[in-house]
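Here are my notes on this model, as numbered points. Please read them with the structure open.

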Amino acid sequence: MTTFSADRSYAESLDSADALALFRDRFVHDDPERIYLDGNSLGQLPVRTQARIAEVVDQDWGVGLVRSWERWIDLPRQAGDMLGEHLLGAAAGQVLVCDSVTVNLYKLAWAALDAQPGRDVLVTDDDNFPTDRYVLAGVAAQRGCELRLIHTDIDSGVSEQALADALDERTALVSLSHVAYRSGALADMAALTRLIHGSGAMALWDLCHSAGAVPVQLDACAADLAIGCTYKYLNAGPGAPGFSYVRAGLQPRLRQPIWGWFGQREQFAMGPSYDPAPGIDSFLTGTPNVIGTVAVEEGARLLGEAGIEQLRQKSTLLTGYLIYLADQWLAEYGFELASPRDDGRRGGHVTLQHPDAWQISQALIRAKVIVDYRTPDRVRLGPVPISTSFSQVWDAVDRLRQIAADKSYADIPAEPSRVT
Ligand SMILES: *Cc1c(COP(=O)(O)O)cnc(C)c1O
């Protein structure tokens, strides 16, 4: 248990001892007063990525033109292997960077059902991210299967008991988020995967809020499938492609539903019918997003250089300090912690509950602390360890305390805008 202090000098001393402090300079900054606590929604732009994208656009595309495909063609696998090595605990040949999270979930859920005739139930939880619930409901409807929604407390995360109750010999696939998008609750991947395997079903993990935030050990946990996002903690930019993991032992048994030419054996033979490539390549669909994938490589390289264990250590300290300050300063204004207090059960962000959460989040943004609002009444603060200092956490909670004390958010319309 760390003993924190609410003196700003204490935050400054944590900054002086921070071995990752210099990584802050690896990102593009334009305003020293801005405190960006939303890298869990859209990561900041790394300086090197800006340069690499310019190089790809100017040289590879501008000059190399179509000849550059020689180098681009293997990018989805190359970037996937980098993610596997640095961040996901996955040996080579099991991760691809392609399509979106949403599309990848559809592909993998469909493939998992196809591979297990006789099993016709998908399981997820009622607090999983919307696109996950919608895609699974769609797959279930299209295939005449059942989608079982287990109940999850929105602050504490998935319950092992609720999951156990939903498993039986009909269960084909359980799809869960490793870190809950709203509360940041961190699920025990190894234990839940074991539980799922006990019923003979496959386990699919959504790593959107864990990739680059918490160490993930897909191989060691014997996870079957995983999907994730690269524009959050991986800093690959808006709309950068998602990733998929398919355990090597399962690859020969799974066939995904989108029979595209990038998943074809000897793609450029342009053969008469679909014959899937061996291995992970069969999970490709069409032409990859080159610029986005290059940015994923840079993002993985940067986090790999910092080291995911070191990042996690700092992240736990950052969020722990944020919670400490919130306890000290904000409780009297009606804020409550809506994330797990236990360091080992919490991912990279902290969520606070307050009846005026929408207005407060907007007032914070006005005060240059960029956070986001989540339904029903939550403010989400993501102090990403690669670029956030302890002094910034102190300043952010201090600005929040002032906004709450003088109610300066009262002029903001109470109704949330279209994008939150
Ligand atoms: C961000 C996020 C997504 C986003 O999916 P896209 O297809 O990239 O829009 C999906 N699932 C979870 C859990 C997320 O946090």
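**Notes on the ligand site and a helix pair**

1. Start with the backbone of Val101. A polar backbone atom of this residue is 3.4 Å from an oxygen atom of the ligand. Keep in mind that the model is predicted.

2. Lys232 places a polar side-chain atom 2.5 Å from a ligand oxygen atom. Asp206 has a polar side-chain atom 3.1 Å from a ligand nitrogen atom.

3. How much of the ligand's accessible area does the protein cover? On its own, the ligand has 390 Å² of accessible area, and the protein covers 86% of that.

4. Which elements give two or more residues to the shell around the ligand? They are helix 5 (101-114) and helix 6 (130-143).

5. Now the shell itself. The residues surrounding the ligand include Ser100, Val101 and Thr102. Phe129, Thr131 and Asp132 are also among them. So are Ser177, Asp206, Cys208 and His209, along with Tyr231 and Lys232.

6. Sort that shell by class. Five of its residues are polar, four are nonpolar and three are charged.

7. Turn next to a helix pair. Helix 11 (residues 357-366) packs with helix 12 (residues 390-406). The angle is about 125°, and the axes are 10 Å apart. Angles over 145 degrees count as roughly antiparallel, and 65 to 115 as roughly perpendicular. Helix 11 and helix 12 are therefore oblique to each other.

8. What is the hand of the crossing of helix 11 and helix 12? The crossing is right-handed.

Notes:
Residues are numbered from 1 along each chain as its sequence is written. This is a predicted model: local features need pLDDT of at least 70, side-chain atom pairs count only at pLDDT 80 or more; totals for chains, interfaces and linings use all residues. Side-chain values use heavy atoms; hydrogens and water are left out. A residue is near a molecule or strand if one of its heavy atoms lies within 4 Å of it. A polar contact is a pair of N or O atoms within 3.5 Å; within protein, one must be able to donate a hydrogen and the other to accept it, and residues adjacent in sequence count only if both atoms are side-chain atoms. Accessible areas come from the Shrake-Rupley method with a 1.4 Å probe; for residues, only the protein chains shown count as cover. Helices (H or I, at least four residues) and strands (E, at least two) are DSSP runs, numbered from the N terminus. Ala, Val, Leu, Ile, Met, Phe, Trp, Tyr, Cys and Pro count as nonpolar, Asp, Glu, Lys and Arg as charged, and the others, Gly among them, as polar. Axes are lines fitted to C-alpha atoms, for helices over the stretch in contact, and angles run from 0 to 180 degrees between N-to-C directions. Angles under 35 degrees count as roughly parallel, over 145 as roughly antiparallel, 65 to 115 as roughly perpendicular and the rest as oblique. A crossing is left-handed if the near helix is turned anticlockwise from the far one by less than a right angle, and right-handed if clockwise.
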